[in-house]
Amino acid sequence: MLDLRLRFYALLLICLLSLTLTGCSIFGDDDDDDAAVIGNATITRIPEMVTVPKGTFKMGWDNLGDGSGFANGTDTVAADYPANYNSGVTGPVRLVTLTRDYKIGKYEITNAQFCDMLNYALRKGYLTGNLAGNETVKNAEGNQQELLNLDADYEGKKCEISYTGYGFVVAPGLENRPIVYVTWYGAAFYCNMLSEIQGLTKLYNLTDWSCTFDGTARFYGSPGYRLPTEAEWEYAARYDDDNMIYDRRMVAWEPKGLDYWVNSELGKKLSYFDGKANYNSGGGTQDVGCCPGGVSKLGIYNLAGNASEWAQDFYSSYTYFAKDYKAAGYDPAKGELDPINDESGVYRQRRGGSWLVYGNNSPISIYHTNTNWAYTNYCDLGFRIVQVE
């Protein structure tokens, strides 16, 4: 009898060890008959969102004047520009109206959230690429693109997610850092997966990575997730409940007027950002929600630092507004409605500053410049999401 008991317990121990090593659940799984289960059956780390009320604001920056009219609102809504005036890549200033309330991520998407999504997509068979070599993650369906660069190592900062053979893991202690080394495609793919797990409409067509299906655009009217347009991103960063048409704040936490302009010496005085933004620190990303002194009026964190963020739009210079904009039908007093540039382009846009500063990177809300190809990834480039019905 004793011998039979020992043999029974030995067999049970072997079975339990086998289940542990293969990652299987001892309760079984209706979806998988394989000996080894990889990935996750669901996405549990859902981003926290903040509602942004619809409204009208002054978008852009033009460097006109000495700033004396910024605080008291005496500058015009959209000026008639002097002859041969170059308003720069952030100008000319124009009136923009967002006609719908929308939700935007309170924080940048974290390593843990992105990793959670990857494990779900892995389980569903949506991923390919050189996973075993910890090189790259790609989408399996549609037009295959790199989503995440697993072996990236720029500026002494490695990718903080790796593949184990049974799933993706985050380096210990870095779970709440913003995801970086993610391409624009990776950010869009994340949005589709989050929409899928919540039973919402997937907005990105992976055959061409547009938000258009069967000739119908899905930017508005479908309650799925996508990346913010430039207008949505800037409006959320600038949002205040007091006269936004004349608001010329340059950073999200500024009450009104010339705080950034004067006290930071236009971003050169780094002590100005202490407690407000992880900008130009040189030390890498910090946990999302850091620098509470830089939170926006709506409670949105890290808009001016930590990681810069992918936007929906293709890059296009704003300067065409400065030449014959009236003849083209643009009325400065009426402005633009829900502007978006998603039909064609070379580069995808990005917004906000980061811990690593170089020539075309700035902490100010109206940051606009030609940026990167959608397949680009870097150690300071992440994203946050929006949902618009």
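Helix H3 covers residues 184–197, and its 14 residues should span 20 Å at 1.5 Å a residue, which agrees with the 20 Å between its end C-alpha atoms. The expected span is defined as 1.5 Å times one less than the number of residues in the helix. Helices (H or I, at least four residues) and strands (E, at least two) are DSSP runs numbered from the N terminus. The model is predicted, so local features need pLDDT of at least 70 and side-chain atom pairs count only at pLDDT 80 or more, while totals for chains, interfaces and linings use all residues. Residues are numbered from 1 along each chain as its sequence is written, and side-chain values use heavy atoms, with hydrogens and water left out.

Of the 14 residues of H3, 13 are buried. Buried means under 20% relative accessible area, exposed means over 50%, and partly exposed lies in between (1.4 Å probe, protein chains only). After H3 comes Gly199, with a positive phi near 70°. Helix H4 (residues 230–238) is largely enclosed by the rest of the structure, because nine of its nine residues are buried.

**The chain as a whole**

The chain contains five helices and 19 strands. Of its 389 residues, 52% count as buried. The accessible surface comes to about 17400 Å², and carbon and sulfur atoms contribute 50% of that area. Accessible areas come from the Shrake-Rupley method with a 1.4 Å probe; for residues, only the protein chains shown count as cover. Among contacts (heavy atoms within 4.5 Å) between residues at least 6 apart in sequence, 72% join residues at least 24 apart.

The average pLDDT, the predictor's confidence in each residue from 0 to 100, is 82 for the chain, and 75% of the residues score at least 70. Residues 12–35 have a pLDDT below 50, and this stretch has 15 contacts in the model beyond near neighbours in sequence. Residues 66–74 also have a pLDDT below 50, with 13 such contacts.

**Residues in loops**

| Residue | Relative accessible area | Class |
|---|---|---|
| Cys291 | 11% | buried |
| Ser222 | 14% | buried |
| Asn134 | 21% | partly exposed |
| Tyr375 | 45% | partly exposed |
| Lys268 | 69% | exposed |

Most residues other than glycine have a negative phi. Asn134, in the loop between strands E5 (127–128) and E6 (136–139), has a positive phi of about 50° although it is not a glycine. Cys291 is likewise not a glycine and has a positive phi of about 55°; its place is in the loop between H5 and E15.

Lys268 lies in the loop between helix H5 (259–263) and strand E15 (308–314). Its C-alpha atom is separated by 9.7 Å from that of Asn280, 12 residues apart along the chain.

Ser222 is found between strands E13 (216–217) and E14 (225–226). Not counting residues up to four places away in sequence, Ser222 touches Thr201, Leu203 and Val388.

Tyr375 occupies the loop between strands E17 (348–351) and E18 (381–382). With Val346 and Trp373, Tyr375 forms a nonpolar surface patch of about 320 Å² of accessible area together. Patches are made of residues with over 30% relative accessible area and no salt bridge, joining like charges within 9 Å and nonpolar side chains (Val, Leu, Ile, Met, Phe, Trp, Tyr) within 5 Å. A salt bridge is a side-chain nitrogen of Lys or Arg within 4 Å of a carboxyl oxygen of Asp or Glu.
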